[in-house]
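Student: I would like a close look at one part of this protein. Please take me through it in one go.

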Amino acid sequence: MGIVSSLRRRAAAVAALVCAGALALTGCSINAGLNSNNDSADAANANTQTFTPSSNKSTATLSIASGSENKEVATAIQKAADESNVAITMHYMGSLEIMNALKNGGEDYDAVWPASSMWISMGDTKHIVKDATSTSTTPIVFGIAKSKAIKLGWADDSGKTKPVSTADILSAVSNGDLKFSMTSATQSNSGASAYLAFMTALRGGDQPLSEQDLSNTELKDSVTKLLSGVDRSSGSSDWLKDMVVAKPDRFDSMVNYESLVIQADKTLTKNGHDPLLAIYPSDGIAVSDSPLGYVDRGQKLKDAFDSFAKALSSKDSKLEFERAGRRTGLGGALAYASDSQVQQSFRAEWGINTDASALKTIPLPAASVINSALNVYQTVLRKPSWTVWVVDYSGSMSGEGKDGVVKGLNAALDQNKAKAAYIEPADGDVNILIPFESEAHDPVKATGTNTGKLLNDAQVTEASGGTDIYAGLEAALQQLPSESEASTYTTAIVLMTDGRSMTDNQKAFESAYQSSGRDVPVFSIMFGDADSSQLKSLAKLSNAKVFDGRSGDLASVFRQVKGFN
């Protein structure tokens with residue numbers, strides 16, 4: 001299998017177009033075209049993956065807008081491609097981006113495969129999705145390090161867990177006994193689903209959330225307290241899992257798909273670390289149903305879709321789903337529980353409960369209520385963010401470079417523009433701009449929604465001089481919240497640069513960062529001739545991520561970054 005250069009170029013162009021038009025981004029970084037058998041780190045992070053039938057005689061090619069979590073079931077997809085003789089190109093992105101593609105008429109996609117049906121119901125306003133059917137299910141759970149779960153009294157030494165309610169979790173957060181990492185509710189399905197489950201469970205009852213519930217002050221206060229336990233946010237469920245696996249001593253709890261908790265545990269135990277125990281909130285849990293649906297744009301590929309969908313529902317493919325940690329039986333049960341590899345995924349010592357009765361699934365509210373709930377999350381309930389934007393204003397940024405950055409900052413911080421992507425600033429947020437070239441400029445601070453002066457300064461600051469990212473970053477360390485207020489914010493430094501930095505101040509910054517004892521991620525947006533090795537070093541130092549803005553619309557990349565804070 002392979003992807004020819006013309007397809008790689010086409011995929012990159014499609015990715016750029018999708019990014020430019022997306023309202024909300026979670027997984028689009030404008031890289032494309034990697035073979036599904038490639039085991040390199042780049043392949044693991046690819047946004048486009050092609051599956052060619054083993055016969056090398058495909059009858060058609062389907063382009064699928066897919067949630068990034070489906071990277072975990074590549075073996076099942078390949079088997080279905082082989083059986084159906086249909087080639088598949090997977091475009092990995094966030095569920096909200098899939099929703100927006102549907103609102104735009106499906107764009108160039110032949111099918112959609114989001115994590116949950118709610119993104120189809122919210123996005124398919126033109127009624128173009130046909131025959132959407134669940135491919136597998138996986139609940140959204142708390143994955144808590146075994147030692148932590150035992151300390152909380154939620155598990156015993158064997159890994160067996162006791163029933164834990166959402167109120168119990170709220171109590172542990174309120175007492176300072178639990179902090180956890182979670183994806184943004186407005187940028188990722190796992191975060192959105194967990195948030196809706198929290199709110200439904202804390203309200204009580206068996207009815208779906210209503211608009212009236214979103215106005216309940218007592219309920220909103222409870223959800224705000226629960227979300228105050230979030231100590232690291234992410235725009236991607238898969239990236240969140242990788243972060244926890246990479247730093248298990250730092251991150252001991254996360255909210256994520258059961259399937260990704262299983263994937264994390266396979267790596268953690270292999271490396272000799274404490275596994276995460278799956279905790280299923282006993283009073284309400286969200287379940288991802290992973291629907292695959294045909295997008296009818298008049299392209300006449302329904303027969304090919306039907307062949308692939310049928311193959312994906314075959315025993316061979318379903319078995320691979322379960323081996324990857326997904327459930328394919330009725331009501332959340334396992335269809336192939338006797339398979340030895342399935343048993344190695346669904347392990348009782350990891351707290352995995354294969355009894356479908358353990359999944360008290362919440363009823364999903366109407367699409368309009370979900371939309372309102374996401375707005376309430378972003379503007380009222382989530383933990384406030386404190387973001388220091390360290391922006392390159394060296395001479396090479398003059399012209400298009402600076403214009404792109406200013407456009408990006410406006411996309412992320414202008415109240416009206418950011419609202420469309422569910423990332424608008426809230427009253428408690430703090431944003432600080434530090435322009436830099438050979439030296440750092442004075443910081444410009446914006447509190448709450450009053451970002452106008454910051455954006456104006458970004459516009460009028462001239463680009464000139466050299467490039468010293470470390471001078472800008474060292475200045476950023478001086479603009480972080482005090483240690484006494486740090487726990488009340490989700491804090492991040494975001495660096496934007498188009499060039500290779502002078503390194504005179506590199507060691508000084510790294511020393512200052514490490515001696516500060518502050519675990520603040522330094523996210524980077526690279527464009528122009530930026531040195532990826534320098535930026536990857538910063539990401540490794542701070543448990544962060546590098547975003548590639550070298551092609552496509554920088555504004556879309558800024559929106560993606562904001563999903564991590």
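Student: How many residues line the largest cavity, and which of them lie nearest its centre?

Tutor: The model is predicted: local features need pLDDT of at least 70, side-chain atom pairs count only at pLDDT 80 or more, and totals for chains, interfaces and linings use all residues. Residues are numbered from 1 along each chain as its sequence is written, and side-chain values use heavy atoms, with hydrogens and water left out.

Now the cavity. Its lining has 17 residues. S184, S233, Y377, R382 and N565 lie nearest the centre. A cavity here is a set of points on a 1 Å grid over the protein atoms alone, where a 1.4 Å probe fits but cannot get out; lining residues have an atom within 4 Å of a point. The largest cavity holds about 210 Å³ of space. That volume is the space filled by probe spheres set on the points, with grid points joined across faces, edges and corners. Searching the whole structure gives 5 cavities of 30 Å³ or more.

The lining of the largest cavity has 8 polar, 6 nonpolar and 3 charged residues. Nonpolar covers Ala, Val, Leu, Ile, Met, Phe, Trp, Tyr, Cys and Pro; charged covers Asp, Glu, Lys and Arg; the others, Gly among them, are polar.

Then the elements. β8 (180-183), β9 (230-234) and α15 (367-381) each give at least two residues to this lining. Helices (H or I, at least four residues) and strands (E, at least two) are DSSP runs, numbered from the N terminus. β8 and β9 run parallel, joined by 4 bridges. Two strands pair if DSSP finds at least two bridges between them. T183 stands opposite S234 in β9. On β8, F180 and M182 point one way, S181 and T183 the other, and all are buried. Buried means under 20% relative accessible area, exposed over 50%, and partly exposed in between (1.4 Å probe, protein chains only).

Step back to the domains. Their bounds come from an automatic or database domain assignment. There are three entries: domain 1 (48-136 + 289-346), domain 2 (138-288 + 357-376) and domain 3 (384-564). Domain 2 and domain 3 each supply at least three residues of the cavity lining. The centres of domain 1 and domain 3, taken over C-alpha atoms, are 37 Å apart.

Now to β17. β17 pairs in the parallel sense with β14 (residues 385-392) over 7 bridges. There, S385 has T490 of β17 as its bridge partner. β17 also pairs in the parallel sense with β18 (residues 522-526), over 5 bridges. L495 has S524 of β18 as its bridge partner. From β17 the chain crosses through helix α20 (residues 506-516) to β18, and this β-α-β crossover is right-handed. Right-handed means that, with the strands pointing away from the viewer, the path from the first strand over the helix to the second runs clockwise.

One last point, on R347. It is in the loop between α14 (340-345) and α15. R347 counts as partly exposed because its relative accessibility is 22%. The C-alpha atoms of R347 and A530 are separated by 45 Å, and these residues are 183 residues apart along the chain.

Note on methods
1 Å grid on protein atoms, 1.4 Å probe; cavity = no way out; pocket = protein on both sides within 12 Å on 5 of 7 lines; lining within 4 Å.
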